[in-house]
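Dear colleague,

Here is the structure I said I would pass on. My notes follow below it.

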Amino acid sequence: MKTIDELLAEGVAGKRVFVRADLNVPLDGTTITDDGRIRAVLPTVKALAVAGARVVVASHLGRPDGAPDAKYSLAPAAARLGELLGTDVAFATDTVGESARTTVAGLVDGQVAVIENLRFNAGETSKDDAERKAFAEQLAQLADLYIGDGFGAVHRKHASVFDLPALLPHAAGHLIATEVRVLKKLTDEVKRPYVVVLGGAKVSDKLAVIDKLLGKADRILIGGGMAYTFLKAQGHEVGISLLQEDQIPAVTEYMERAEKNGVELVLPVDVLVSSDFPDLKTKAPADFETVDADKIPSDKEGLDIGPKTRELYATKITDAETVFWNGPVGVFEHPDYAGGTTAIAQALLDSSAFTVVGGGDSAAAVRTLGFDENAFGHISTGGGASLEYLEGKTLPGLAALED
Ligand code: AMP
């Protein structure tokens, strides 16, 4: 894979460089609640601007329906990018229309522009190859070179991720190069013991990665909403906890395979339960109790791992050489159920292992819970992308940068 350094060495001054970034930040109205993804693309944007390129940054945000929708505008992200760069960033109010064309034509060497949300055009995500390609061809008019740096989107076969690099000389940006180097340490060059912590809401999202990890990891620690499908598969009452009944056969097979392969698959031994899901807006104090994981009352739901589990998981992490963590182990958005996720983050920091936090919610959790993200080995910007990489899948956005 050609990297941005090679492209810079060849010279980019005066060239229009299209940077496919991932500026898909969480928004509360127009306020960005976590700007981690914007900061992650700074090294690439800065390097290109310093080298005199005319930088055109593009991204998706949320899931608009293939048409403009003000609530998914990239304008707040463009403004934040400008603040972080300490310079004015031009903003085009469309993707390939009049505004994009004039904005890009108006760029001077070293200047940066952001074009509007790529998903405001149906061609971006279309399943129809011709429709996607047509949009990619319009995007190609805006640039001379392409840099892929939106790691959070590389598992998507989308026009700006997959089709556009085929139309322009291309290379991987600093972020993608780093993400791939780190993920290789979890697949090809793993140091043992290799411990994986998996949380999040749905077990179905994690089945493929568990399947793969059963041949790779030494220990898999399960938390979050997905733990209850495992507990149910072991024959325990899980009350009104999140449960995916249809996944019980798969989960049962995984537990059997783990045993056969000598992989420790560890489940919560106690949990915090309540009759009600907490109010995440007001964060009003929750009414909860701690119970053993095999004694969940039938009218209660589990919302976080309990104190005994936090201690158990910390001891399972202490001697690790490599740790991968994806998914909060409780409803961390509410302070009463953030303790388990905090304990996992702390255990990662306390261990001397190479620690990778795998994207999306777990990365946001680490930051919103007040941890110093630099203390972790690596915080991935792509939850889905990092999981699919670990599953061994070919990621369209990486494959497109290969040739
Ligand atoms: P995911 O997007 O799959 O990584 O899931 C993240 C979400 O899982 C977060 O919003 C958490 O609040 C939620 N979550 C974690 N543990 C639980 C649980 N025990 N019950 C319900 N939701 C949970």
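Which strands does helix H12 lie across? Helix H12 (residues 339-350) lies across E9 (194-198), E15 (322-326) and E16, where contact means heavy atoms within 4.5 Å. Its direction is at about 155° to E15, with axes fitted to C-alpha atoms, for helices over the stretch in contact, and angles running from 0 to 180 degrees between N-to-C directions.

This is a predicted model, in which local features need pLDDT of at least 70 and side-chain atom pairs count only at pLDDT 80 or more, while totals for chains, interfaces and linings use all residues. Residues are numbered from 1 along each chain as its sequence is written, and side-chain values use heavy atoms, without hydrogens and water.

The sheet is open and has 6 strands in the order E11-E10-E9-E15-E16-E17, paired in parallel. Helices (H or I, at least four residues) and strands (E, at least two) are DSSP runs, numbered from the N terminus; two strands pair if DSSP finds at least two bridges between them. E11 (264-266) and E17 (378-380) are the edge strands with a single partner each, so one side of each has no neighbour in the sheet. E16 (residues 354-358) pairs with E17 over 3 bridges in the parallel sense, and Val356 is opposite His378 in E17.

On the ligand: a backbone N or O atom of Ala201 is 3.0 Å from one of the ligand's oxygen atoms. A polar backbone atom of Gly302 lies 3.0 Å from a ligand nitrogen atom. Polar contacts here are pairs of N or O atoms within 3.5 Å; within protein, one must be able to donate a hydrogen and the other to accept it, and residues adjacent in sequence count only if both atoms are side-chain atoms.

Regards
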